[in-house]
Amino acid sequence: MNSLVDVISKDMQNVEECYRPSHFWKMGSARLQDDLDAYGITHFRTLPSALSYFVPTYLFDGMINEQEKYKYILAKCREIVARPKAQMYIEDLFNGSNQARSDFRVYAASDCNRKPFTSNFSESNVGNPIEQFDFYGKKYSRSSLNYLLGINFLKKNISDINVNSVLEIGGGFGSLGEILISDERNDCFYMNVDIPPTCIFSTYYLQTIFGKDKVADYSHLSNDKLNISKLREQYKAAILCPWQLPKLEGELDLFVNFISFQEMEPHIVENYLAEVSRLKSRYVLLRNLREGKQVAVNDSQTGVKKAIKSGDYDIFLPEYQLVAVNVLPFGYETIDGFNSELRLYERKK
């Protein structure tokens, strides 16, 4: 995997700025690469950098990076609260079980028996996750539950959707691909476009689950033109880098971005969505902060140079109409008043 990262990183030096990491991700990419070099990829879902940037958890806020402090607080709570049931409630708060159970409840209540099918899904333990919940004999993480809620939001608003070709930008470690591909009834081909070294994690994850011969990586996709239909005939999934996006030819059923657009500057997002429009995706499903990501006050601070907000997507998608917007129950309202909302667009007839 390291040799593949080297090739991709070298190629990235010669591409346009809009296909390189945003300000937010320049720091993130460096941290991920350091951890990848130090610890390898096998246990990537335990790496501090991955947990900070693209492996979400339900753990009590701050617990990922300050575990000893929160373990101490939890121990003190157990000393003060003697009743076993009360102790269970406190532990549920700290380890995220309560929120995970709540999201699963919404997912289960809103699921319907049509494409994309998700009822058989149970998440893999590839990457050695530090957090995974068992509900009725199946495993879920925050990442997979985020996507499962998004899929149900899509099905709620589009009754006859058939998603055979899906493109995602910034797909983390490949959760959406795992959900869609793992059920053969979906007959779905999934593509993820991501920067290095993040693209390596989704490559490793999906290749480990489905096989290297079924998931194309950067080394398989060096052609000048990449036809979606032909790729679909050969693979279940493909992992591309951003500068390969203009090489794609064909049409899409669905484009997805969850969270990562809010970590980019508006001109980068506008360029990506122009490519999505070029590929005539029938639907666009987004999840991002309505209010926009924190703005970095200087080059050394984590954040974006300019925040992208909900209304920007309407401007960047002139060939699409907004079908539905949702924060609750399919998105998330933070305790400090921010809204992680889902937005669904349909291509104009």
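A residue counts as buried when its relative accessible area is under 20%. By that cut-off S143 is buried, because its relative accessibility is 8%. The model described here is predicted.

**S143**
- S143 belongs to helix α7, which runs over residues 142–157.
- Leaving aside residues up to four places away in sequence, S143 touches P56, F173 and S175.

**Helix α5**
- Helix α5 covers residues 84–95 and has twelve residues, which should span 16 Å at 1.5 Å a residue.
- Q87, I90, D92 and F94 are buried in α5.
- The cover over the buried residues of α5 includes α4 (67–80) and α6 (97–110).
- After α5 comes G96, which has a positive phi, near 85 degrees.

**Aromatic pairs**
- A pair of aromatic rings is described by the distance of the centres and the angle of the planes.
- There are 26 aromatic pairs in the structure.
- One of them joins F44 and F54: the ring centres are 6.5 Å apart and the planes lie at 15 degrees, so this pair is stacked. It links distant parts of the chain, with F44 in the loop between α2 (23–39) and α3 (48–53) and F54 in the loop between α3 and α4, ten residues apart.
- F44 counts as buried because its relative accessibility is 0%, and F54 counts as buried at 9%.
- The rings of F173 and Y205 have centres 5.0 Å apart and planes at 80 degrees, so that pair is edge-to-face. This pair also links distant parts of the chain: F173 is in the loop between β3 (165–169) and α8 (175–182), while Y205 is in helix α9 (residues 198–210), 32 residues apart.
- F173 and Y205 are both buried, and F173 is one of the residues that S143 touches.
- One aromatic cluster is formed by Y58, F104, Y107, F121, F133, F135, Y136 and Y140.

**Second largest pocket**
- The volume of the second largest pocket is about 210 Å³.
- Its lining consists of I181, D183, E184, D187, C188, F189, K214, R232, E233, Q234, Y235 and K236.
- By type, the lining residues of this pocket are seven charged, four nonpolar and one polar.
- Helix α10 (residues 228–234) gives the most to this lining, with three residues.

Note on methods
Residues are numbered from 1 along each chain as its sequence is written. This is a predicted model: local features need pLDDT of at least 70, side-chain atom pairs count only at pLDDT 80 or more; totals for chains, interfaces and linings use all residues. Side-chain values use heavy atoms; hydrogens and water are left out. Helices (H or I, at least four residues) and strands (E, at least two) are DSSP runs, numbered from the N terminus. Buried means under 20% relative accessible area, exposed over 50%, partly exposed in between (1.4 Å probe, protein chains only). Contact means heavy atoms within 4.5 Å. On a 1 Å grid over the protein atoms alone, a cavity is a set of points where a 1.4 Å probe fits but cannot get out, and a pocket is an open set with protein on both sides within 12 Å along at least five of seven lines; lining residues have an atom within 4 Å of a point. Grid points are joined across faces, edges and corners, and a volume is the space filled by probe spheres set on the points. Ala, Val, Leu, Ile, Met, Phe, Trp, Tyr, Cys and Pro count as nonpolar, Asp, Glu, Lys and Arg as charged, and the others, Gly among them, as polar. The expected span of a helix is 1.5 Å times one less than its number of residues. Rings of Phe, Tyr and Trp (its six-membered ring) pair if their centres lie within 6.5 Å; planes under 30 degrees apart count as stacked, over 60 as edge-to-face and the rest as tilted.
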